[in-house]
Amino acid sequence: MSIKTEFSGPGTTARAEGSDNHKPLITVRGLAKSYGSSVALGHVDFDVHKGEFLTLLGPSGSGKTTLLALIAGIILPSEGRIELAGVDISHVPPERRDIGVVFQNYALFPHMTVRDNIAFPLRFRKVDKQERAERIHQALELVQLGRLADRYPSELSGGQQQRVALARALIFNPAILLMDEPLSALDKKLREHMKVELRQIQQRLNLTIVYVTHDQDEALAMSSRIAVMREGTIQQIGSPEEIYERPNSTFIADFVGDANLLVAPITDNRNGQPQLQFAGSAFRVSAGDRFDCATVGRNATVLIRPEHVLIGEAAHSVSTRFTGRIVSATYEGNARRFEIDVAGTLLRARTQGSFSEHVLQTGETIDLGWSDQHAHLVDIHAQ
Ligand code: ADP
Ligand code: MG
C-alpha cells in the first residue's frame, strides 16, 4: 500500500465519515467557553470542509488555543456544540474523537525513540502488528525521518522534532489534524521551509487541517481559508485574498499586512460608489456590497495597501493623485519603502523592482496616487 492510499482519508479506518462531500466535516455552532466570569471564547460558528486548511489567526489571548482545545476535546465547552461528520462530539473524550493534534512544544516523549514516539498512538488502537510496522514505516518516510528512527528527541533538531510530532499525529489517519503554532519555536529559515513542506503534505494527502498562528504571513501563505479572531470571537472568515484585499474592519486591515488607513469624509455617493475628500481633492473608493448606505457627511476609513500606492511617474496613470513630501526612504533589497507626508497625513508606499528615475530622497516633493479599486472602504463611522 502506498503512502497516498494509506493516509488519504476515508476508507482506511472505520469511522463516521460522511460520503457526501458537500457536507462539512466539522460543524461548530454557538461554541463558547468561560472561566468564571471571564469569557475565553464567545459564541463562534463555522464549518470546515474535507481537504481544507483553515487557519485561526489572531493576536495573543484572542481565543485561538481555547477553540482548538475545544475541538480536540482537551477542554469542554460552556455552551454550543461541535459535530464531526454530522455526529455530535462535544462531550466525546479526546482519544475517541478521531482527531490528531500537534502543539508548539512538540510534546514528544523524551525517553522514547523517534520510532516509539510515532508508534505511540497505535497502542491505544487495535492495529495488528504487521499493519503497525507498515504504518510506522510510511509515517517515517512521509516526514523523511527513516534514517533517524532510533534516535531520541534530544538528538534531533527542532525541525526534526516537529516532523516527529507531525508523523505521530498522522499515523492513525485522523479525520482532522489540529496544529497550534507548530512552527513558532523554529528559526526563520526552517520555518519557511516547514511552511512549504507542511502545505505540500496537506495537499498531497488531502488532509483537513485547523491551524493556529498569530503570524499573518504564515496564515496568508498556507491557508485555504482564514478565520481572524479577536477577543474570543471570529471577526471575519474568508480566503486569504478576501481577508487581505477586503477586510471587514479596521482591526483586520491593520492586523493582516501593512496598511494605510485613511479617515476622510464622504462627500458624494452616486451609483453606489462613494466619493471622499482628502488633501483638497475628491477620490472614489470601492465599497463592495457591505455598505448600501454610505451617508454623505459621515467619516469613512479607507484601506490602501502600501504596494498599491504609486509614486512618481507611475502615479500619472491614475486619476486619484496627490502631492506629498518624502519623510523617509528605506532600501530593502527587493523593495523600497517610503513614508510620504500628504497634507499632514503620513502615507506609506512600497515599490518593487528597480527605479528608472533618480533615487528618491528624503525631503523631496513627489506625486503619488492609486487606482479606485485599490482604495477599499473598511468602515463608516457613526455620527
Ligand atoms: P490565544 O491562544 O489566542 O493566545 P487563549 O485561547 O489561550 O488565546 O486564551 C483566550 C483567553 O482565555 C485569554 O484571555 C486567556 O487568559 C483566557 N484563558 C485561557 N485559558 C484559561 C484558563 N484555564 N483559565 C482562565 N482563563 C483562561
Ligand atoms: Mg495560543
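Analyst: Let us begin with a term: a pocket is an open set of grid points with protein on both sides within 12 Å along at least five of seven lines, and a volume is the space filled by probe spheres set on the points. This is a predicted model, and in this model the largest pocket has a volume of about 530 Å³.

User: Which residues lie nearest the centre of the largest pocket, and how many residues line it?

Analyst: The lining of the largest pocket is made up of 21 residues, and I99, V101, P121, R168 and F172 are the ones that lie nearest its centre. The elements that contribute two or more residues to this lining are β6 (99–103), α3 (114–123) and α5 (158–170), and β6 provides the largest share, with five residues. By class, the lining has 16 nonpolar, one polar and four charged residues.

User: What lines the second largest cavity, and how much space lies in it?

Analyst: A cavity is a set of points where a 1.4 Å probe fits but cannot get out, and a search of the whole structure finds two cavities of 30 Å³ or more. The second largest cavity holds about 40 Å³ of space, and its lining consists of Q162, L166, M179, P182, L183, M194 and L198. Both α5 and α6 (188–204) supply at least two residues each to that lining, which by class has six nonpolar, one polar and no charged residues.

User: Why is the pair of F251 and F255 called stacked?

Analyst: A pair of aromatic rings is described by the distance of the centres and the angle of the planes. Rings pair if their centres lie within 6.5 Å, and planes under 30 degrees apart count as stacked. For F251 and F255 the values are 5.6 Å centre to centre and 10° between the planes, and the pair is stacked. Both residues belong to helix α9 (residues 250–255), where they are four residues apart, about one turn of the helix.

User: What makes F251 count as buried or exposed?

Analyst: Buried means under 20% relative accessible area; F251 has a relative accessible area of 17%, so it is buried. R230 lies over the face of F251, at 4.3 Å from the ring centre, while the charged end of R305 sits over the ring of Y244, 4.0 Å from its centre.

User: How do you know which kind of aromatic pair F283 and F322 form?

Analyst: Planes over 60 degrees apart count as edge-to-face. The ring centres of F283 and F322 are 6.1 Å apart and their planes stand at 85°, so this pair is edge-to-face. Because F283 lies in strand β13 (residues 281–284) and F322 in strand β16 (residues 320–331), the pair ties together parts that are 39 residues apart in sequence. F283 and F322 are both buried, and together with F278 and W370 they form one aromatic cluster.

User: Why do β15 and β18 count as edges of their sheet?

Analyst: The open sheet consists of five strands in the order β15-β19-β16-β17-β18, with antiparallel pairing. β15 (310–311) and β18 (345–352) each have a single partner strand, so one side of each is left without a neighbour in the sheet, and these two strands stand at the edges. Two strands pair if there are at least two bridges between them, and two bridges join β15 to strand β19 (residues 365–370) in the antiparallel sense, with L310 standing opposite G369 in β19.

Conventions: Residues are numbered from 1 along each chain as its sequence is written. Chains are lettered from A and ligands numbered from 1 in the order in which they are written. This is a predicted model: local features need pLDDT of at least 70, side-chain atom pairs count only at pLDDT 80 or more; totals for chains, interfaces and linings use all residues. Side-chain values use heavy atoms; hydrogens and water are left out. On a 1 Å grid over the protein atoms alone, a cavity is a set of points where a 1.4 Å probe fits but cannot get out, and a pocket is an open set with protein on both sides within 12 Å along at least five of seven lines; lining residues have an atom within 4 Å of a point. Ala, Val, Leu, Ile, Met, Phe, Trp, Tyr, Cys and Pro count as nonpolar, Asp, Glu, Lys and Arg as charged, and the others, Gly among them, as polar. Rings of Phe, Tyr and Trp (its six-membered ring) pair if their centres lie within 6.5 Å; planes under 30 degrees apart count as stacked, over 60 as edge-to-face and the rest as tilted. Buried means under 20% relative accessible area, exposed over 50%, partly exposed in between (1.4 Å probe, protein chains only). A charge sits over a ring if NZ of Lys or CZ of Arg is within 6 Å of the ring centre and within 35 degrees of the ring normal.
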